[in-house]
Amino acid sequence: MECASEDVLARAEAACLGLALGDALGATVEFMTPREIAHTHGVHRELVGGGWLRLQPGQVTDDTGMALALGEAILARRGEITRLTCARAFDAWMRSKPVDIGNTVRRNLLLFRRTGYPTAPASEHDAGNGAAMRVLPVALATLGWPEYEVREACRIQAHVTHNNPVSDAACEFIALAVQDFVRGASLREVYRGRIRPLVETQPAFAFRGKLRRENPSGWIVETLQAVLQGLVDVGGFENCLVDVVNRGGDADTTGAIAGMLAGALYGRDAIPARWIKALDPEVRERCVAQASALLT
Ligand code: MN
Ligand code: MN
């Protein structure tokens, strides 16, 4: 943890709000194709709820729910991040009857309930986006830690449900990129320092010179391709999130991940007031409270 300046705090808050806003915006069009979205909404850019989960306007899903549960558990342990803390937090969240839950998350939390062992078995199939979507509180709680300790903390939270090297690479990338943006790095700097190295070490994530990634699945590779195309090619917080969710597919999760990155990059003032107003007020308050608490 670092002594957080006002700018750092505002960007951390924007990352938390961005996660929730991207989730709420994308959930309306989750599992739709871009063509279906265009037919129903034109360009989808308002927090209107609905979708296959029949959400209230501004309501969020598991992406934000798991991240907030994780953040609150880390705070309850005064910033300590252990496998058992994370597993118990996710298990308690699952008991709270969330509106949705990923298959890999459910399977491995049920295994934790049976065995009490907080690490999922390593699996080449568990490269879903369920660990990456909730990594933000770890990024904020470990701001200023040595990079290898940040990476380790990312894996600790991830491996409760997703014990997979491709998921790990994505979680670590997202957390470190969010930290760079929160500290004030530019998109160009993060492109050189984080995005290009990610694609060089994990070529599956390549996203430039490729077709527009539409209908991204829950596979973290497709999720991150859609997010990175939106982040790198589309300027501004609102435009980035609108671009990403209108690709359809796992749109609440691409929205959530784009939201944390774009929130940290563009800052609190770039978030449209109408979106803040439409967001579930309880979620909004938890996001704001958590951002400052995790930094201090
Ligand atoms: Mn969701
Ligand atoms: Mn999703």
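The backbone oxygen of Ser123 lies 2.9 Å from a polar atom of the Asn164 side chain, a polar contact in the sense of N or O atoms within 3.5 Å, where one must be able to donate a hydrogen and the other to accept it, and sequence neighbours count only through side-chain atoms on both sides. Welcome to a predicted model, in which local features need pLDDT of at least 70, side-chain atom pairs count only at pLDDT 80 or more, and totals for chains, interfaces and linings use all residues. Residues are numbered from 1 along each chain as written, chains are lettered from A and ligands numbered from 1 in written order, and side-chain values use heavy atoms, without hydrogens and water.

**Around Asn164**
- Asn164 sits in the loop between helix H7 (147-158) and helix H8 (165-183); helices are DSSP runs of H or I with at least four residues, numbered from the N terminus.
- A polar atom of its side chain also lies 3.1 Å from the backbone nitrogen of Ser167.
- Asn164 is buried, at 2% relative accessible area (buried is under 20%, with a 1.4 Å probe and protein chains only).
- Leaving out residues up to four places away in sequence, Asn164 touches Ser123, Glu124, His125, Asp126, Ala127 and His159, where contact means heavy atoms within 4.5 Å.

**The manganese site**
- Glu30 (OE), Asp250 (OD), Asp252 (OD) and Thr253 (OG1) coordinate the manganese ion (ligand 2) at 2.1 to 2.6 Å; donors are N, O and S atoms within 2.8 Å of the metal (3.2 Å for Na, K and Ca), and with water not among the atoms, sites may look incomplete.
- Asp252 bridges this ion and the manganese ion (ligand 1), and the two ions lie 3.6 Å apart.
- Asp252 is buried at 0% relative accessible area, and Asp250 counts as buried at 8%.

**The largest pocket**
- The volume of the largest pocket is about 400 Å³, taken as the space filled by probe spheres set on grid points joined across faces, edges and corners.
- Its lining has 23 residues, with Ile101, Gly102, Asn103, Asn129 and Asp250 nearest the centre; a pocket is an open set of points on a 1 Å grid over the protein atoms alone, where a 1.4 Å probe fits, with protein on both sides within 12 Å along at least five of seven lines, and lining residues have an atom within 4 Å of a point.
- H5 gives the largest share of this lining, three residues.

Key
Buried means under 20% relative accessible area, exposed over 50%, partly exposed in between (1.4 Å probe, protein chains only). Helices (H or I, at least four residues) and strands (E, at least two) are DSSP runs, numbered from the N terminus.
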